[in-house]
Every structure is written in C-alpha cells, then in structure tokens.
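Dear colleague,

I am passing on the structure we spoke about, and below it you will find my notes on what turned up when I went through it. Please read them with the model open beside you.

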Amino acid sequence: MALIPGTLPNDTCYGTPQDLLELFAQYLDVPAFALNSKVVFGTSSAGLTADVIWFDTTAPTNPILKITVSGGFTDYIKNYITSAATVTIVGADSVLILDASDSGNTKKGLVSDIVSLVPSPTPPAGSITFPMLSTSATEADNAAKRVAKVWVNYNGTTAGIRDDFNVSSITDNAEGDQTVNFSSSLSGTSYCAVATVQGPAEDLYTCMLTSVSSPTTSSVRIRTGLRGVAFADCPIVNVCIFL
Amino acid sequence: MNKRIIYPKTESGVSIVIPSPNWKGTIEELAIKDVPTGLPYKIVDVSDIPSDRTFRNAWEYTE
C-alpha cells in the first residue's frame, strides 16, 4: 500500500507503518522500524541524530496510519535532522537534506522527490472506500448493501449452529421447521433470504420460507423437507440474508 | 452452552431455542430476546431434550 498524501508540505500523510518506514528510510537514512500500528525512528544512524518520534494512529484498529506534522513537512525535517545534517529549503514543497558526514553525498533527498513517489490520492477504480460503506440506495456507494446481514450454517436435525454471523439462536419448532433469530434486528423486512439444504438422503430435499409466519426484522422461519412428501430435518441448512 | 429454552408454540407443540456458539449474553437474556412476547418459557439442560426425534411433532410443553 502506498502513501496517500495530504497537501505536502503542510501536514498529513496516510499510509501503513511499513509504507512510512520505507519512505523515510530511503530518503532520510534514519533507522526506523514498524511496531504494531506505529513507526518508530531510532537514534543510531551513522552521522545522524534524531529524536525518537512516535507516530500514533488516531484509530489503532484502523490499518490506515495518519500522521499530522505540525508546522509543515519541511519544518518537521528541520526540527529533527539538525545536528549532523544541513537542511535547505529549496522550494515551497521541497527541502534539501545534506548530511555533513556523508562525503559521498548519498544521504540527501528532496521532499519533492518524496512527493513524486506519492501516488494520486484518488484510489484505484473499484476500491472500496469508506464512503462506499454506507447503506445508500445509490448503486455506486452502497458496498454495505452487497454484504450479507445474516448468515448461518446449522444442523437441522439438532438445530446446532456450526457457524454464523448475526444469529443469536435457532428455534427448533418441529420436524423440518426452524426459526433463525437475528442478534441485531434488520432495518426492514424486504430482505432477500436465500436458503439451501443438504438432505438426509439423495433426493429432492428443499428449503423454503414458511407461510406460517411472515419474515420479521428479528427472525425468519424456515421449513425443510422432501418436496411434495413431508417436512423433514436436514443435516445441513444454510441461510443467508441480504438487505 | 449446555442450556436450552423451551416454550409452547402458538400452533401447538413446543419450540426449543438453541443458542448460537457466538452468543455473548446469558441464556436468560436470550430467552427475553428470542421467546415471543407473552409466552411462558423454561430453561432446561440439553440432556432434558430427547435425542430421539421420531415423534418430534408430538412433543408438548408442560409447566
């Protein structure tokens, strides 16, 4: 994942710790390592003395790391690369870093070079961005509507749940008759419930929404059985609901 | 969770609530949530539920 900038040199970069690690290590030659959700810059680089700087993400559980450098990006570099390096502001968005101990002049870099490495903040086509995680009815920004709100795989002969999402329990009402109860109620009843079964034998076992009760926001009742013959318990029942 | 919730069906017979292994609440909280409002219920051990389902539709709820 590459960095997505704010408007350098003013302020903000976005990226994973590894992104930032690679970027700064390449251009500033400051030892650094990724630690959990942070990037830590060390102090033992040859010829350079830098404070240890911790970049905290504002949302530790979010894989995107946000760095806000007060005073602008060039000021940031000036503040922390001073004792053994010469910093020259080249332009509004670039700074030349020259390490005095580096006779080979290999440790200089331009912020403009860094900026040139940063891709457009526009994500690639098809990316799922935060605004798309809405339940908007607009097709272009409704990724959430394409994700199952409920799914469950259970044993219809015991109503034992093998695994599920957003299911609190299965109610065994009778032979071939179960209710899937949702942990969190859905926002409406116009959902699409898809159900399949594996029968106890190789025959025309099927699954349907019962007419005994209508689907509700908190549950859906399922009937399974041998088509045209009788309701029957099935060892595998799968239910998936989209809304 | 080795507990089950049983309650009488409105159509006759008995319903048995089996908790999800992912359910984080108590069996009592589950009963309040998943037993239809107004119906009596009981919390029983798994071992109290017959394993032979031959006559499942004839099972009845008793106080």
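Two strands are said to pair if DSSP finds at least two bridges between them, and the strands themselves (E, at least two residues), like the helices (H or I, at least four), are DSSP runs numbered from the N terminus. With that in hand, one part of chain A can be described as an open sheet of four strands in the order S10-S9-S17-S13, with antiparallel pairing. Strands S10 (160-165) and S13 (192-198) of chain A stand at the edges with a single partner strand each, so one side of each is left without a neighbour in the sheet. Neighbouring strands of this sheet are turned by 10° against each other on average, direction ignored, where the axes are lines fitted to C-alpha atoms, for helices over the stretch in contact, and angles run from 0 to 180 degrees between N-to-C directions. Strand S9 (residues 150-155) of chain A is joined to S10(A) by five bridges, the two running antiparallel, and A:Tyr154 has A:Ile161 in S10(A) as its bridge partner.

A word on the basis of all this: it is a predicted model, in which local features need pLDDT of at least 70 and side-chain atom pairs count only at pLDDT 80 or more, while totals for chains, interfaces and linings use all residues. Residues are numbered from 1 along each chain as its sequence is written, chains are lettered from A and ligands numbered from 1 in the order in which they are written, and side-chain values use heavy atoms, with hydrogens and water left out.

The two chains overall

Chain A has three helices and 17 strands, and buried residues (under 20% relative accessible area; exposed means over 50%, partly exposed in between, with a 1.4 Å probe and protein chains only) make up 40% of its 243 residues. Chain B has one helix and three strands, which follow the pattern β-β-α-β along the sequence, and 38% of its 63 residues count as buried. If contact means heavy atoms within 4.5 Å, then residues 24 or more positions apart account for 45% of the contacts with a separation of 6 or more in chain A, and for 55% of such contacts in chain B.

Strand S15 of chain A

Strand S15 (residues 219-226) of chain A is mostly covered, eight of its eight residues being buried. S15(A) pairs in the antiparallel sense with strand S12 (residues 177-182) of chain A over five bridges, and A:Val180 finds its bridge partner there in A:Val220. Strand S14 (residues 205-209) of chain A also pairs with S15(A) in the antiparallel sense over five bridges, with A:Met208 standing opposite A:Arg223. S15(A) and S16(A) form a hairpin with three residues between them, and A:Gly228 in the turn has a positive phi of about 75°.

Salt bridges

Which residues meet in a salt bridge at 3.0 Å, N to O? They are B:Arg56 and A:Asp172, and the pair crosses between chains, from the segment after strand S3 (42-45) of chain B to strand S11 (residues 167-174) of chain A. Both B:Arg56 and A:Asp172 are buried.

Within chain A, A:Arg223 forms a salt bridge with A:Asp177, the closest N and O atoms being 3.8 Å apart; the pair links distant parts of the chain, strand S15 and strand S12, 46 residues apart. A:Arg223 counts as buried at 14% relative accessibility, and A:Asp177 is buried at 2%.

Within chain B, the side chains of B:Asp45 and B:Lys3 meet at 2.6 Å, N to O. B:Asp45 lies in strand S3 and B:Lys3 in strand S1 (residues 3-8) of chain B, so the pair ties together parts that are 42 residues apart in sequence. B:Asp45 is partly exposed, with a relative accessible area of 31%, as is B:Lys3 with 33%.

With kind regards

Terms used
A salt bridge is a side-chain nitrogen of Lys or Arg within 4 Å of a carboxyl oxygen of Asp or Glu.
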